[in-house]
Each structure stands twice: as structure tokens, then as C-alpha cells.
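Have the sequence and the model side by side.

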Amino acid sequence: MESITEKKQIELADMATLIREDIVKMLVEAGSGHSAGSLGMADIFATLYFGDVLRHDPQNPLWEERDRLVLSNGHICPVLYATLARAGYLPLDELTTLRDFRSRLQGHPHRENLPGVETTSGPLGSGLSQASGMAYAARLDGAKWRVYCLLSDGEHDEGNTWEAVMFAAKYKLNNLTAIIDRNNIQIDGYTEDVMPLNSLATKYEAFNWHVIEIDGHDYGAIKDACDEASSVADRPTVIVARTIPGKDIEYMENLPEWHGKSPNVGEAIEALRELRTLQGKIEAEYD
Ligand SMILES: Cc1ncc(C[n+]2csc(CCOP(=O)(O)OP(=O)(O)O)c2C)c(N)n1
Ligand SMILES: [Mg+2]
């Protein structure tokens, strides 16, 4: 099953690469921030916002019927800000104000600062609880919108995440889709060295969730998994997305040291060169 056309996949690859370029420019300008997770999640963000997954309207960010996206691992907000800018929620040239004093784009997202940001986050481990509460409230209201909660593998070291896993299963929150950035790194190193998580899929299955495992860089798989989640009648869905931290920048890929570091000027130039080469190849496919 592949619900998107080849043309659409190329468009999404093009968008994800633009988002990655934005992220590099934002981070080098800010001089600090989180590179690896932000770059690793660009394909998922591109598919959610530009692949007909999220119901949203940049002209009307508080549209009552919109789907809600909760970014629990708030430190990867450069990918959220860049995607929101590409979607028209804010001007593209505002992106380089990341982390400036009084900027709307702080190092962790603030709900009231920026249209399109649904929750404040940064303290890890609380997003799935917030998302579950929102999904429960939507059900009580008889509302049709879904909640998408993006969270990280590192957040599964925190007990609060597992409380939400139980809550969402107990109330059979079928309007909740959790997407885990399974990139195998966290602040102090590889997840399996810091606190082994082993199979998150097996754990969520044991908690009665519907579980889908995907390659988090495969646009068709991301879209199909989101569609499948929307059709599940009696339980919440988790999409365990295997991703490569630092994706598409060779010197960053899979290295925990890039968790919370921004590129310097030389490194940013090299990164942009790589991304533009990729962009050229994508555009050639388009012709
Ligand atoms: C409650 C809380 N404890 C600690 C931190 C510090 N912290 C920021 S990012 C991070 C690592 C989390 O792992 P993950 O999200 O998997 O990192 P990534 O994959 O983005 O590198 C930690 C411990 C925090 N933000 N919140
Ligand atoms: Mg991680």
C-alpha cells in the first residue's frame, strides 16, 4: 500500500531538503541549538504538513476543526519553526531570529508566541500526557479533530510518558497518534547505553496500543501509517519511526555529540553544500 504518488514523494523530498537548509541557517546564526533531532525529523514534518496528513489552515491557525500537533521533545523546535514558516505561519526571514532575546522563536516553543504552536514544551516527558488530555477532551466534545503527539526515544526514560501510555489505552483514545523519533541517541550518548529501551513496539503492544513501525524517511510509509492510525476504531496508535539523527549531513549522521550542538560557519557551509547537491538531484528527478 502506498498512498502517495511518485511526484508527491519528490515534492516532499524537495520540501524536506529546504527545511533542512533552513535549520542549518537558523542554528549557525543562533550559535546554539539542537541539530541532530531537528534534521532527523524533517521528512516526518514535511509529510505531516505538506502530505495531506494534518488538517490545518495557516490563514486561520486557531480554526476549531484543526488537528493539534503537540511537540513533546521541544528542543527540536527548529524543524517545527522551519516547517511552519514554509507553510505560511510566519515569514521565512524571521527564522534567523532563533533564540534571540524577545524573538517569537525561542530555543523551546512557547504556545502563545507563535501561531501554529499548540503547546509550550522543553521539559521532556510531559507532551504525551498533554496530548492524551486534549484527545480525551475532543472526545467529550464530540469533535472530529485528531491529536498528533511527536515525542522522542529519550523521553521514554521518564515515568510520566508511561502514565500517559496507560491513560490513552484505558480510554481507548483512537483520535490520538503518537509518533516516536526513534533515532537511538539522547543527550548523554546512545539510548541503549544510557537506558536500554529495547523494542518500543513490543512495549506499546503490551500496553494495548496499535503499533506501526516505519522508516521515518520514507514519505509513503509515513503517510500510510498516519492514514492507518486514523482508521483504528478502538485504541490509540503509535508510529515508531526509525530515523537518522543529523540526516543528510554526513559528518553529523548518527553521532550523539550533535544532539545539542550547532554547526560553526565552516561546518554550516559544508552542510549547505551537501544539501544543495541533494536539492539539485531532486530537481533533476522532477524534470
Ligand atoms: C525533564 C527534562 N529533563 C532533562 C532535560 C534535558 N534534555 C534535553 S534534550 C535531552 C535528551 C532527550 O533525548 P532525545 O529527545 O531522544 O534526544 P535527541 O534524539 O533529540 O538527541 C535531555 C535529557 C529536559 N529538557 N527535560
Ligand atoms: Mg533521541
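The questions below go through a core, a pair of helices and a sheet.

This is a predicted model, in which local features need pLDDT of at least 70, side-chain atom pairs count only at pLDDT 80 or more, and totals for chains, interfaces and linings use all residues. Residues are numbered from 1 along each chain as its sequence is written, while chains are lettered from A and ligands numbered from 1 in the order in which they are written.

Q: What makes a set of residues a nonpolar core here, and how many residues has the largest?
A: Its members are buried Ala, Val, Leu, Ile, Met, Phe, Trp, Tyr and Cys residues joined through C-beta atoms within 7 Å, where buried asks for 20 or more other C-beta atoms within 10 Å of the residue's own, C-beta atoms being placed from the backbone. The largest such core has 76 residues, and Ile19, Phe45 and Cys149 are among those with the most contacts inside it. Helix H1 (residues 6–30) gives the most to this core, with eleven residues.

Q: Which residues make the contact of H3 with H4?
A: Ala42, Phe45, Ala46 and Tyr49 in H3 meet Val79, Leu80, Thr83 and Ala87 in H4; contact calls for C-beta atoms within 7 Å. The helices (DSSP runs of H or I, at least four residues) are H3 at residues 42–50 and H4 at residues 77–87.

Q: Why are E1 and E6 called edge strands?
A: Strand E1 (68–71) and strand E6 (210–215) each pair on one side only, pairing being at least two DSSP bridges between strands. E6 meets the pairing rule with E7, over six bridges in the parallel sense.

Definitions and conventions: A residue is buried if 20 or more other C-beta atoms lie within 10 Å of its own, exposed if 12 or fewer, and partly exposed in between; C-beta atoms are placed from the backbone. Helices (H or I, at least four residues) and strands (E, at least two) are DSSP runs, numbered from the N terminus. Axes are lines fitted to C-alpha atoms, for helices over the stretch in contact, and angles run from 0 to 180 degrees between N-to-C directions. Two residues are in contact if their C-beta atoms, placed from the backbone, lie within 7 Å.
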